[in-house]
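Trainee: Could you show me how to read the helices in a model like this one? I would like the general idea and then the case at hand.

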Amino acid sequence: AVVSTQSTGESSDTLVESVMKTVGILQDRDIPHNLMITYGDPLIISSNEPPRPVVRVAVWPVQPSDELPLPDGAPFRPAVCELSGHILLHDKTAYDTLTYKDVRDILALAALDKDTFSEICESVKNALE
């Protein structure tokens, strides 16, 4: 699951402030996270005018990678994976045999439990109001 925000105007100050508050909440709880910055159309388009591109930032909280119960022979470490889908494999056999289910199951190990994620989302929502 991902906490995301986007710029909505000319200034990036509000976006930066929102990201820093979100990251601060994660740091205060010692929760590792990935951060991805991208550029594109707004997530919500509210007029008939052509959308103006915005900067979007996704913050992805994860379990500490050294605490993950990875299965023996796991072909990759989820801590290396980013939201962009980049998965580092160091073995041709793993590359040839890796399935969507394998990737999904290993990435699920890195996800926060639903209650922790919900608490973080509530804290972020309150901090950004």
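This is a predicted model: local features need pLDDT of at least 70, side-chain atom pairs count only at pLDDT 80 or more; totals for chains, interfaces and linings use all residues.

Trainee: In what order do the elements of the protein run from the N terminus on?

Mentor: Helices (H or I, at least four residues) and strands (E, at least two) are DSSP runs, numbered from the N terminus. Here the order is β-α-β-β-α-α-α, giving four helices and three strands.

Trainee: Which residues in α1 are buried?

Mentor: Buried means under 20% relative accessible area, exposed over 50%, and partly exposed in between, with a 1.4 Å probe and protein chains only. An α-helix has 3.6 residues a turn, so residues three or four places apart point the same way. The buried residues in α1 are L15, S18, V19, T22, V23, G24, I25 and L26. Across the 129 residues of the protein, 27% count as buried.

Trainee: How do α1 and α4 pack?

Mentor: Two packed helices are described by the angle between their axes and the distance between the axes. Axes are lines fitted to C-alpha atoms, for helices over the stretch in contact, and angles run from 0 to 180 degrees between N-to-C directions. Helix α4 (residues 114-128) packs on α1 at about 140°, with the axes 10 Å apart. Contact means heavy atoms within 4.5 Å; S18, K21, T22, I25 and L26 in α1 meet I120, S123, V124, A127 and L128 in α4.

Trainee: Which residues does K21 contact, leaving aside its neighbours within four places in sequence?

Mentor: K21 is in contact with A127 and L128. The C-alpha atoms of K21 and A127 are 6.9 Å apart, though 106 residues separate the two along the chain. K21 itself is partly exposed, at 34% relative accessible area.

Trainee: And where does D30 lie?

Mentor: D30 lies in the loop between α1 and β2 (33-40). D30 is not a glycine, yet has a positive phi of about 55°. D30 is exposed, with a relative accessible area of 68%.

Notes
Residues are numbered from 1 along each chain as its sequence is written. Side-chain values use heavy atoms; hydrogens and water are left out.
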